[in-house]
Amino acid sequence: MQSGWQSGDRVTRVTYRRAPGYFQRVGNSACGACFGFFFVVAAFPLLFWNEGRAVQTAQSLDEGLASCIRLHTTDMAFDSNQNRLIHLSGVLTTQTAVEDTSFGVKLYAVRLERYVEMYQWEESSSTHEYKEPNGDTRQETTYSYHRTWKSHVVNSNHFQNRFAHQNPSSMPISPSSFKSPSVQVGTFTLSAGLRTRLNQEHTVSPQSIAGLRLQRGQQISGDYVYQGNTHNHQIGDVRISWKYAGCSQTKDGLTSDCVPEQVSIIARQQGSFLAPYQTRAGDTFELLYYGVQSAESMFTQEHQANTMFTWGLRGVGFLVMLIGFSLITSIVTEIVSFIPIVRELVSFGVTIFNVCLSLSLSLFVIAIGWLRYRPALSLTLLAIGALPYLLARMTSKKHTDEHKRM
């Protein structure tokens with residue numbers, strides 16, 4: 001059953017959900033156990049792959065640091081460094097400016113982005129559930145509406161109160177990206193992969209653009225060009241802004257309105273072109289960091305990023321396994337759910353069991369992944385993984401001995 005009421009920019013819908021019976025809950029738990037099995041099975045290859053990836057990346061970075069050649073000048077590409085890993089620092093250079101011809105925004109940079117936002121209605125919802133005396137669940141969902149700037153069209157046809165909150169069906173002006181066809185540091189040309197690492201964006205102030213071309217009905221306010229009212233915004237109004245990344249100087253030494261940025265790069269020299277480097281360990285990489293940084297510093301940061309990513313995937317693998325075991329064992333809790341005290345005790349025990357089992361198996365898989373590369377670490381993890389099982393066996397044996405004495 002469903003009912004509701006509305007007031008201004010808020011709409012509340014009320015639904016009632018009948019409480020499932022005992023056998024229905026047990027049946028649902030049995031179905032969940034099937035899905036839990038697939039979760040557990042999926043966790044094993046995820047954890048094992050992650051450890052192999054972490055080891056390979058660490059070895060590739062160590063190999064890169066050991067073979068990296070430091071260049072003291074970027075004015076020449078030495079033949080002796082052909083196909084070798086080199087490290088260099090210098091100022092970004094572009095031959096031509098990037099330009100948004102529709103508005104006359106032009107500067108020397110690696111990339112120029114035109115961002116477009118439209119003032120629209122947005123729907124948000126919050127749900128609260130209440131238990132009824134007959135065991136049913138009353139669910140109250142409140143939908144609220146507010147105006148905001150969005151970079152994409154919000155489809156108001158799916159709103160609960162769509163008649164009073166309608167958005168335009170399309171953006172009157174499209175966002176766009178303008179990229180420099182060639183970027184250099186000294187005599188070296190950056191690959192497409194290195195250019196994508198130039199991702200620190202800076203805002204272009206419209207007041208600083210000498211040749212800015214405004215269309216009819218457009219005006220400047222702050223860092224935006226507005227199409228509509230700059231103060232009393234209406235649904236459908238548009239605002240435009242620009243951001244650039246990788247400010248550069250030209251080949252002739254001329255600079256743009258922005259300050260040319262220095263970068264540090266580690267990549268393979270291929271003539272005067274900087275390309276990805278293939279390691280014997282198996283990874284391919286090319287590194288770019290802002291500022292003047294040593295090769296040691298850059299590889300240290302890459303090691304730190306690899307460690308963080310590895311631990312993140314370990315956590316995901318553990319959670320996937322824990323969810324799987326929780327789904328598998330949920331039927332145990334449902335079987336005794338009609339006895340409140342027993343249900344709570346069994347639920348607590350099953351939860352502890354699932355956590356310990358998931359932790360032990362996760363550590364076991366991680367240890368197997370490191371067995372070939374770091375045997376000592378692998379054996380330590382195996383011992384830690386077996387600890388919950390050993391503690392459980394000792395506790396069980398202690399209780400058995402106490403019962404025998406009685």
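Reader: Why does C34 count as partly exposed?

Author: In this predicted model, C34 has 48% relative accessibility. Partly exposed residues lie between the limits of under 20% for buried and over 50% for exposed, so C34 counts as partly exposed.

Reader: What makes the aromatic pair of Y119 and W149 tilted?

Author: The structure holds eight aromatic pairs. In the pair of Y119 and W149, the centres are 5.0 Å apart and the planes stand at 50°. Planes under 30 degrees apart would be stacked and those over 60 edge-to-face, so this pair is called tilted. Y119 belongs to strand β7 and W149 to strand β8, 30 residues apart.

Reader: Why are Y119 and W149 called buried?

Author: The limit for buried is under 20% relative accessible area. Y119 has 13% and W149 has 14%, so both are buried.

Reader: Which parts does the pair of Y145 and F159 tie together?

Author: Y145 lies in strand β8, whereas F159 lies in the loop between β8 and β9, 14 residues apart in sequence.

Reader: How do you know that the charged end of R239 sits over the ring of Y224?

Author: The charged end of R239 is 4.1 Å from the centre of the Y224 ring, where the distance cut-off is within 6 Å. The charge also has to be within 35 degrees of the ring normal, and R239 is counted as sitting over the ring.

Notes:
Residues numbered from 1 in each chain as written. Predicted model: local features only at pLDDT ≥ 70, side-chain atom pairs only at ≥ 80, totals over all residues. Heavy atoms only, no water. Buried < 20%, exposed > 50% of the residue type's maximum accessible area, 1.4 Å probe, protein only. Phe/Tyr/Trp six-rings, centres within 6.5 Å; stacked < 30°, edge-to-face > 60°. Helix = DSSP H or I, 4+ residues; strand = E, 2+ residues; numbered from the N terminus.
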